[in-house]
Amino acid sequence: MVADEQISAGWMHAGYPVMIHTKSAAELFEPNDTRTACLWGEVHELGHNQQRSCSEFRPHTTEATCNLWSVYVHEEVLGLKREKAHSSMILTNRKNTVDKYVKGGKNLSDWNVWTALETYLQLQGIFGWDAFKKVFAAYHKISNYPSDNSGKMNLYAETFSQTVGMNLSAFFKSWGWPIDRATEEKLTPQPPWSDHPMLKYDCSLINCREISC
């Protein structure tokens with residue numbers, strides 16, 4: 001990371017090196033402070049450096065999947081709970097994010113930043129970080145992948161399902177992902193994820209209200 005008085009864009013930006021303003025430089029040299037404060041922005045930019053086209057659905061995930069690194073590093077490396085690292089990670093705020101998305105009709109045009117991140121956090125909450133590590137490893141072996149978002153989202157649903165040994169197609173469809181029939185049929189041999197976190201939302205009703213399961 002390089003701190004400078006004037007950088008190319010924003011308060012921080014990704015690249016090699018990551019650029020930050022000089023006012024943020026002190027944060028990098030106060031490791032004890034990260035137990036009560038955070039390095040969300042810096043790790044967010046490092047997360048951008050890890051994004052790969054094959055598993056990204058731009059523009060939806062551009063400012064979302066990079067935050068997986070922010071959550072992981074704060075919890076697993078710095079020992080700071082996610083809700084302490086960023087206010088958007090407080091449970092009530094996360095719920096409000098999902099509620100707004102569902103009530104808006106689950107349009108992919110609204111699936112971005114914190115909303116998109118929540119999809120991944122729901123997966124992490126059940127299957128853990130190890131599942132993501134295995135999914136990333138699986139992608140290293142994929143040389144031929146679709147160029148369109150729909151194809152890439154189907155590939156991701158298939159890859160994650162095969163990694164955890166469970167059919168996750170219903171979960172991704174509940175988020176408005178364009179999961180096609182071929183993907184569903186391919187995952188049929190896997191046991192379905194019958195109690196996924198989005199089941200409590202019933203969008204078959206006109207008002208798309210939340211219900212109890």
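Y156 is buried, as is F172, where buried means under 20% relative accessible area, exposed means over 50%, and partly exposed lies in between (1.4 Å probe, protein chains only). The structure is a predicted model, in which local features need pLDDT of at least 70 and side-chain atom pairs count only at pLDDT 80 or more, while totals for chains, interfaces and linings use all residues. Residues are numbered from 1 along each chain as its sequence is written, and side-chain values use heavy atoms, with hydrogens and water left out.

The protein chain holds 8 helices and 3 strands. These elements are DSSP runs numbered from the N terminus, with helices (H or I) of at least four residues and strands (E) of at least two. Along the sequence their pattern is β-β-β-α-α-α-α-α-α-α-α. The chain has 213 residues, and 44% of them count as buried. A contact means heavy atoms within 4.5 Å; among contacts between residues at least 6 apart in sequence, 59% join residues at least 24 apart. The protein chain exposes about 11,300 Å², of which carbon and sulfur atoms supply 52%. Accessible areas come from the Shrake-Rupley method with a 1.4 Å probe, and for residues only the protein chains shown count as cover.

The aromatic side chains come next. A pair of aromatic rings is described by the distance of the centres and the angle of the planes. Rings of Phe, Tyr and Trp (its six-membered ring) pair if their centres lie within 6.5 Å; planes under 30 degrees apart count as stacked, over 60 as edge-to-face and the rest as tilted. By this rule there are 22 aromatic pairs. One of them joins W111 and W177, edge-to-face, at 5.5 Å centre to centre with 80° between the planes. W111 lies in the loop between α4 and α5, and W177 in the loop between α7 (169–174) and α8 (181–187), so this pair ties together parts that are 66 residues apart in sequence. W111 is buried, with a relative accessible area of 0%, and W177 is buried at 4%. The rings of Y156 and F172 have their centres 6.3 Å apart and their planes at 85°, so this pair is edge-to-face. Y156 belongs to helix α6 (residues 149–164) and F172 to helix α7, so the pair ties together parts that are 16 residues apart in sequence.

Which residues line the largest pocket nearest its centre? Its lining has 14 residues, of which Q50, R52, S55, W69 and F136 lie nearest the centre. The elements giving two or more residues to this lining are α2 (66–77) and α5. The largest share, 3 residues, comes from α5. By class, the lining of the pocket has 7 nonpolar, 5 polar and 2 charged residues. Here Ala, Val, Leu, Ile, Met, Phe, Trp, Tyr, Cys and Pro count as nonpolar, Asp, Glu, Lys and Arg as charged, and the others, Gly among them, as polar. The volume of the largest pocket is about 290 Å³.

Pockets and cavities are both found on a 1 Å grid over the protein atoms alone: a cavity is a set of points where a 1.4 Å probe fits but cannot get out, a pocket is an open set with protein on both sides within 12 Å along at least five of seven lines, and lining residues have an atom within 4 Å of a point. Grid points are joined across faces, edges and corners, and a volume is the space filled by probe spheres set on the points. The count comes to 1 cavity of 30 Å³ or more. The largest cavity has a volume of about 30 Å³ and is lined by S88, M89, R94, T97, W114 and E118. Helices α4 (91–103) and α5 (113–139) each supply at least two residues of this lining, which divides into 2 nonpolar, 2 polar and 2 charged residues.

Some backbone details remain. The peptide bond from R58 to P59 is cis, with omega near 5°, and P59 is in the loop between α1 (40–50) and α2. K106, in the loop between α4 and α5, has a positive phi of about 55° although it is not a glycine. K106 is buried, with a relative accessible area of 16%. V113 is not a glycine either, and has a positive phi of about 45°. V113 is placed in helix α5 and is partly exposed, with a relative accessible area of 30%.
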